[in-house]
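This report walks through one protein model, from overall make-up to individual residues. Please keep the sequence and the structure at hand.

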Amino acid sequence: MVLNEKMEPPVAPVQPSTISQSDINQRFYRHFQAECTELQEQIAQLENYSLVGGEKQDAIDHVNSGITRLSDEVSDASGFVPAYDQRVYSQAIKALQEKLQDARTKFAPKPRFQFKQQKNNSAISLNDAAELAQEKRLKAPGFGQSLLSSNESSIATTPAHLKTPPNEANSKDTLGDLPSFPKNYNEEMTKGPVGPVRKPSFSQATNVNISGHNRLHIILPSSASRATASGSLTKLNRCIVDMSVPTANGAPFAGLALQSVKDSLIIAGHVAGAAHITGVENSIIVVASRQVRMHDCKNVDIYLHCGSRPIIEDCSNVRFSPIPECYMTIQETPIQSQWDQVDDFKWLKADHSPNWSILPDDEKLDEEIWTDVVPGGPGVGLEDILKRMNLPGR
């Protein structure tokens with residue numbers, strides 16, 4: 001058979017621009033699994049929060065809102081998730097709700113002490129009492145009945161168990177020692193002596209909670225390793241926070257939350273569980289964690305060592321890079337880092353998500369900056385350090 005010279009070669013089929021249905025299902029499964037794992041860890045950490053100031057209730061509310069959000073996501077995914085998988089997801093959410101309710105019951109304050117009223121065998125009904133009262137009124141003075149004699153005074157009717165014991169009749173009331181209140185490290189940092197660096201010890205705390213600061217350079221000393229049950233950094237503006245020292249010697253944070261941080265450098269240290277990063281803008285983050293979740297972040301450079309695939313949602317211009325060598329520890333060395341295997345759960349197309357990228361080599365900060373500039377020193381202030389860091393988005 002002779003081919004027609006004018007015959008054009010067959011056109012290759014156009015590849016679809018979207019990923020397959022099975023890939024979408026698998027991606028949602030990974031998302032759901034990561035959310036469930038994180039919520040279970042948050043429920044397990046509830047016992048580490050204090051009842052003072054509503055801290056524990058805030059944590060419970062945060063977990064509850066996370067379960068509600070996950071339930072809504074399962075409902076939204078009903079268009080592409082098979083019915084069987086939807087039932088599995090629903091059962092998992094129900095289990096989370098029950099686990100949270102068990103925790104609520106466990107942490108609910110015990111009812112106040114109440115005197116136990118002993119049952120009176122001679123008790124009478126209300127109707128009988130009304131009839132007796134009526135009879136007494138009829139027999140009262142003016143109705144032919146005399147007053148009670150002096151030896152029938154009212155004091156004689158006081159029950160013996162309510163009388164003051166003789167040996168306590170003349171004793172004075174004493175006030176016991178008041179319970180101690182947790183130390184307010186945030187107030188200490190705000191009102192502390194003027195200086196380039198604040199070093200709160202957190203030696204009297206079970207968790208690290210740094211919140212509501214502006215233009216502070218905070219370095220946690222090794223004494224804060226006693227407070228790594230959980231970590232929280234919130235509402236920080238143009239700050240430098242270095243938490244690497246207390247978490248480097250076998251005392252990583254069980255979980256870490258960063259929220260509402262702007263124009264700052266955060267060296268978060270090491271996290272055994274999940275690092276939850278929300279609402280961070282124009283900042284640099286350094287963290288070694290088993291899992292990383294980022295929500296509503298923009299213009300963030302994150303130097304990362306992560307034992308699982310990092311996850312971003314509703315983020316833009318997030319750039320990833322390996323963690324600097326000076327922040328690596330023996331614990332992280334054998335763990336394969338997946339710092340560049342990022343899942344964007346709001347981008348389901350086959351091509352690369354435009355919301356994240358790899359930090360170019362020529363824009364990475366040199367190791368000398370991390371070791372020599374970031375710790376500060378004589379004549380080196382916070383603004384000098386941030387200027388050398390070249391914060392993204394500025």
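Where is the place of Arg 215? Arg 215 sits in the loop between E1 and E2. Helices (H or I, at least four residues) and strands (E, at least two) are DSSP runs, numbered from the N terminus.

## Basis of the model

This is a predicted model, in which local features need pLDDT of at least 70 and side-chain atom pairs count only at pLDDT 80 or more, while totals for chains, interfaces and linings use all residues. Residues are numbered from 1 along each chain as its sequence is written, and side-chain values use heavy atoms, with hydrogens and water left out.

## Overall make-up

The protein has eight helices and eleven strands. Of its 394 residues, 38% are buried. Buried means under 20% relative accessible area, exposed over 50%, and partly exposed in between (1.4 Å probe, protein chains only).

Contact means heavy atoms within 4.5 Å. Among contacts with a separation of 6 or more, 50% link residues 24 or more positions apart.

Helix H2 (residues 55-76) packs on helix H3 (residues 83-107) at an angle of about 170°, with the axes 10 Å apart. Axes are lines fitted to C-alpha atoms, for helices over the stretch in contact, and angles run from 0 to 180 degrees between N-to-C directions. H2 and H3 are therefore roughly antiparallel to each other. The cut-offs are under 35 degrees for roughly parallel, over 145 for roughly antiparallel and 65 to 115 for roughly perpendicular, with the rest oblique. H2 contributes residues including Ile 60, Val 63, Ile 67 and Leu 70 to the contact. From H3 come, among them, Tyr 89, Ile 93, Leu 96 and Leu 100.

Gln 42 belongs to helix H1 (residues 21-44). Its relative accessible area is 18%, so Gln 42 is buried. Not counting residues up to four places away in sequence, Gln 42 touches His 62 and Val 63.

## The largest nonpolar core

A nonpolar core is a set of buried Ala, Val, Leu, Ile, Met, Phe, Trp, Tyr and Cys residues joined through side-chain atoms within 4.5 Å. The largest one has 42 residues. Ile 210, Met 294, Ile 302 and Phe 320 have the most contacts inside this core. Elements giving two or more residues include helix H5 (185-191), strand E1 (208-214), E6 and strand E7 (298-306). E6 gives the most, with ten residues.

Met 294 is in contact with residues including Ile 277, Val 300, Ile 302 and Phe 320, leaving aside neighbours within four places in sequence. Val 300 lies in strand E7. Val 300 is buried, at 0% relative accessible area. Beyond four places in sequence, Val 300 touches, among others, Val 280, Ile 285, Met 294, Val 318 and Pro 392.

Asn 237 is found in strand E3. With a relative accessible area of 31%, Asn 237 is partly exposed. Outside four places in sequence, the contacts of Asn 237 are His 213, Asn 214, Arg 215, Lys 262, Asp 263 and Ser 264.

Most residues other than glycine have a negative phi. Arg 215 has a positive phi of about 55° although it is not a glycine. At 47% relative accessibility, Arg 215 is partly exposed. Lys 235, in strand E3, also has a positive phi, near 55°. Lys 235 counts as exposed, at 58% relative accessibility.

## Helix H8

Which residues of helix H8 (residues 382-389) are buried? They are Leu 382, Ile 385, Leu 386 and Met 389. These residues cover an arc of only 95° around the axis, which puts them on the same side of H8. The arc is that of the directions from the helix axis to the C-beta atoms.

Cover for the buried residues of H8 includes strand E2 (217-219), strand E4 (240-242), strand E6 (265-295) and helix H7 (367-373). Asn 390 follows H8 and has a positive phi, near 55°.
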